[in-house]
Amino acid sequence: MRASPSRAGGARDVVIAAGDGAVLLDVAGPLQVFALAAKCAGGYRVRLASPDGRPVHTREGVPLGVDTALDSVTGPVDILLVAGCDPAPDSPALAPLAQAVRRLRERSTVVASVCIGAFVLAEAGLLDGRRATTHWASCQELADRYPQVTVKSDGMYVRDGDVYTAAGVTAGIDLALALVERDRGGALARQVAQWLVVFLQRPAGQSQLSVRGQVRSSRRAALRAVLDAVAAQPHADHSLEAMAGRAALSPRHLSRLFIEVLGTTPGQYVQRIRVEAAQQLLEAGDDPVEVVARQCGFRNVETMRKAFHRIVGMAPTAYRHQSQKGVTHA
């Protein structure tokens, strides 16, 4: 049977697992969050472990000493967080780490991964039939190698039951803060975030990449002109007919071009751009949400609210509260 959560007020046992080829920040980011939480309020015991107890050689060339071997960890574990290893199919680090994680999983309440750590969970069979994510640059490879996993290429992290997977590098900090907030409440998570000078946590569903950044390199002149117009003036008329007119293309041809180049429809692209514009206004200012909705081209607040729930995973007011609350001002 899997371990039950620690008693209320008891220390959470956190084991961060890594192997050769791990990304340094995947290890250091979450470790720093839990260590600061322990320093501020107690309640966490954090250990770094490798399959054999030997130091880990990170991808950046920095060796990391570890506290123990994974097979030497005894008793229940509250959070088993996998920072990963070299994920290549022929990597000598992948199978040993996956096997050790699989054995420890049965004694772990929560299992999580950061970035390429998702490959370890997938190799261990712990993501079978689950939704998961990893760094945006590795999502397609994860989906190809492990078809039994439903890979979500957008979002900071994905929760499926008691399994969490986070996107690349700094998203491990977001995930660790979310776990601290779940365990110890928002006040401690905010305190840790302030020490780290980061947002309390970016919403789980926030895109890993700005939609503008994803299309910046388009070489289709007609399409690029449309994309630039939407980004420059999110509030303007960007109906399919209006955009097709600007591109001197038929609406059907323009729709096909969007799908072919961007993998999305014109309407979905426009909505993403408007949500991103609204996020910037909500983060930086105090205009009422009605004003923000109008400035970003939404018909009304309800339309913007639905778009936020679909794309960001929360209401605009909640997004503003979370983003502004987590910032430390000098």
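The structure is a predicted model, in which local features need pLDDT of at least 70 and side-chain atom pairs count only at pLDDT 80 or more, while totals for chains, interfaces and linings use all residues. Residues are numbered from 1 along each chain as its sequence is written, and side-chain values use heavy atoms, with hydrogens and water left out. The protein chain has 14 helices and eleven strands, these being DSSP runs numbered from the N terminus (helices H or I, at least four residues; strands E, at least two).

**Overall make-up**

- Of the 330 residues in the protein chain, 50% are buried, where buried means under 20% relative accessible area, exposed over 50% and partly exposed in between (1.4 Å probe, protein chains only).
- The protein chain exposes about 15,200 Å², of which carbon and sulfur atoms supply 51%; accessible areas come from the Shrake-Rupley method with a 1.4 Å probe, and for residues only the protein chains shown count as cover.
- Among contacts (heavy atoms within 4.5 Å) between residues at least 6 apart in sequence, 66% join residues at least 24 apart.

**Nonpolar cores**

- The largest nonpolar core holds 70 residues, and F34 and V101 touch the most other members; such a core is a set of buried Ala, Val, Leu, Ile, Met, Phe, Trp, Tyr and Cys residues joined through side-chain atoms within 4.5 Å.
- Helix α5 (residues 171–184) gives the most to this core, with eight residues.
- Leaving aside residues up to four places away in sequence, F34 touches V14, Y44, V46, I79, L81, A176, L179 and V180.
- Another core, of 16 residues, lies apart from it, and its members include A278, V289, A307 and I311.

**Helix pairs**

- The axes of α5 and helix α6 (residues 186–196) come within 7 Å and cross at roughly 150 degrees, which makes α5 roughly antiparallel to α6.
- Here axes are lines fitted to C-alpha atoms, for helices over the stretch in contact, and angles run from 0 to 180 degrees between N-to-C directions; angles under 35 degrees count as roughly parallel, over 145 as roughly antiparallel, 65 to 115 as roughly perpendicular and the rest as oblique.
- In this pair, I173, L177, V180, E181 and R184 of α5 meet G186, L188, A189, V192, A193 and L196 of α6, and the contact divides into eight nonpolar, one polar and two charged residues.
- For these classes, Ala, Val, Leu, Ile, Met, Phe, Trp, Tyr, Cys and Pro count as nonpolar, Asp, Glu, Lys and Arg as charged, and the others, Gly among them, as polar.
- Helix α8 (residues 221–232) and helix α10 (residues 251–262) have axes that come within 11 Å and cross at roughly 90 degrees, and α8 and α10 are therefore roughly perpendicular to each other.
- L223, V226 and L227 in α8 meet L254, L257, F258, V261 and L262 in α10, a contact with eight nonpolar, no polar and no charged residues.

**Loop residues**

- A124, in the loop between α3 (117–123) and β8 (131–132), is buried, with a relative accessible area of 7%.
- A124 and Q99 are 25 residues apart in sequence and 6.2 Å apart in space, C-alpha to C-alpha.
- C115, in the loop between β7 (108–114) and α3, has a positive phi near 55 degrees although it is not a glycine, and C115 is buried at 5% relative accessible area.
- A248, in the loop between α9 (240–247) and α10, also has a positive phi, of about 55 degrees, without being a glycine, and A248 counts as exposed at 69% relative accessibility.
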